[in-house]
Amino acid sequence: MILIVGGSYQGKTEFARTEFPNAKYFNQFHLFVKKRISEGKNNSEILSEIRDVISDGQWVIISDEIGNGIVPMDEADRTWREVCGRIMIELAKDATEVYRVVCGIGQRIK
Amino acid sequence: MITLIYGGSSSGKSSYAEDYVCNSKYKNKYYLATMKSGDKETEERIKRHRSMRQGKDFVTVELPYDIVNAIEPDADSIILLECMSNLVANEMFRDGKINKASYIVDKILKDINELEAKAGSLVIVSNDVFEDGLQYDETTKEYLRALGEVNAKIAQMADKAVEVIVGIGVER
């Protein structure tokens with residue numbers, strides 16, 4: 001699995017399509033995590049679901065980095081960024097390659 | 001020697017910093033914790049960090065500000081300061097006053113320099129809180145100014161600056 005992270009509107013999807021045209025995409029991963037949290041799922045449940053989904057074929061997971069801001073006032077937002085961050089760390093360990101995209105430029109960090 | 005370890009919330013920067021310190025050659029490892037406990041959530045966060053540190057042979061010193069007084073280290077000591085975002089907030093809101101960014105920056109850099117002169121190595125964890133694109137009130141902006149400047153000055157002084165992204169350290 002290949003993991004691509006970066007801020008919003010940084011050209012992550014285009015980078016993925018250019019670099020890995022034949023892969024399957026799991027895009028907007030951060031929003032998937034938010035949805036699962038709202039359904040009452042915890043960290044490890046979400047992680048095992050995603051691992052299950054990507055077990056077949058070459059997958060690219062694309063996610064916004066949402067942890068680079070002031071601590072949110074809303075508790076649900078705080079939980080979201082914490083859970084999202086922790087899951088991404090685990091996915092980065094699983095990944096064969098990790099990229100960080102800024103201004104459309106992808107930097108390979110693993 | 002100063003090392004800056006920088007990253008967003010839940011980016012894995014603390015775990016990275018702890019490994020970095022544990023893999024160093026220094027005999028005495030100090031953990032300088034600047035977070036003030038207050039509510040349940042901060043208590044949980046502190047608990048999580050404590051359990052992460054268990055068995056890693058750290059001497060923990062909890063001090064919300066005036067960090068120069070924290071430890072009397074020798075040259076065989078390494079100090080892990082966790083973290084700068086809390087220290088800046090604590091130096092800003094203290095003694096019933098709100099201090100200005102320029103004062104906070106000078107104060108913290110002076111303390112950092114004095115502490116570093118005594119210790120073998122100082123590892124500073126700091127937080128990327130600058131990329132949510134939101135507009136904040138003047139006090140929060142002043143805080144962002146102070147932390148941004150402290151981060152930049154420390155990066156200048158540092159022998160090494162590492163940004164941690166999804167648990168992966170990238171040298172800057």
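In what order do the elements of chain A run from the N terminus on?

## Chain A: overall layout

From the N terminus on, the order of elements in chain A is β-α-β-α-α-β-α-β-β. This model is predicted, so local features need pLDDT of at least 70 and side-chain atom pairs count only at pLDDT 80 or more, while totals for chains, interfaces and linings use all residues. Residues are numbered from 1 along each chain as its sequence is written, and chains are lettered from A and ligands numbered from 1 in the order in which they are written.

Chain A contains 4 helices and 5 strands; helices (H or I, at least four residues) and strands (E, at least two) are DSSP runs, numbered from the N terminus. Its C-alpha atoms fill a box of roughly 35 × 30 × 20 Å along the principal axes.

The 5 strands of chain A form an open sheet in the order 2-3-1-4-5, with mixed pairing. Two strands pair if DSSP finds at least two bridges between them. Strand 2 (24-26) and strand 5 (105-108) of chain A each have a single partner strand and stand at the edges, so one side of each is left without a neighbour in the sheet. Neighbouring strands of this sheet are turned by 25° against each other on average, direction ignored.

Strand 2 and strand 3 of chain A pair in the parallel sense over 3 bridges. A:Lys24 stands opposite A:Trp59, which belongs to strand 3 of chain A.

## Helix 4 of chain A

Helix 4 of chain A (residues 75-94) has 20 residues and reaches 29 Å from its first C-alpha to its last, close to the expected 28 Å. The expected span is 1.5 Å times one less than the number of residues. Helix 4 of chain A lies across strand 1, strand 3 and strand 4 of chain A, and runs at about 140° to strand 1 of chain A. Axes are lines fitted to C-alpha atoms, for helices over the stretch in contact, and angles run from 0 to 180 degrees between N-to-C directions.

Among the buried residues of helix 4 of chain A are A:Trp80, A:Ile87 and A:Leu91. A residue is buried if 20 or more other C-beta atoms lie within 10 Å of its own, exposed if 12 or fewer, and partly exposed in between, with C-beta atoms placed from the backbone. The buried residues of this helix pack against several elements, including strand 1 (2-6) of chain A and strand 9 (168-171) of chain B.

## Where the chains touch

In total, 20 residues of chain A are in contact with 18 residues of chain B; two residues are in contact if their C-beta atoms, placed from the backbone, lie within 7 Å. Helix 4 of chain A gives the most to the side of chain A that touches chain B, with 8 residues.

Helix 4 of chain B (residues 101-118) has 18 residues and reaches 26 Å from its first C-alpha to its last, close to the 26 Å expected. Its buried residues include B:Ile104 and B:Leu115.

B:Ala70 is located in the loop between strand 3 (59-62) and strand 4 of chain B. This residue is partly exposed, with 19 other C-beta atoms within 10 Å.
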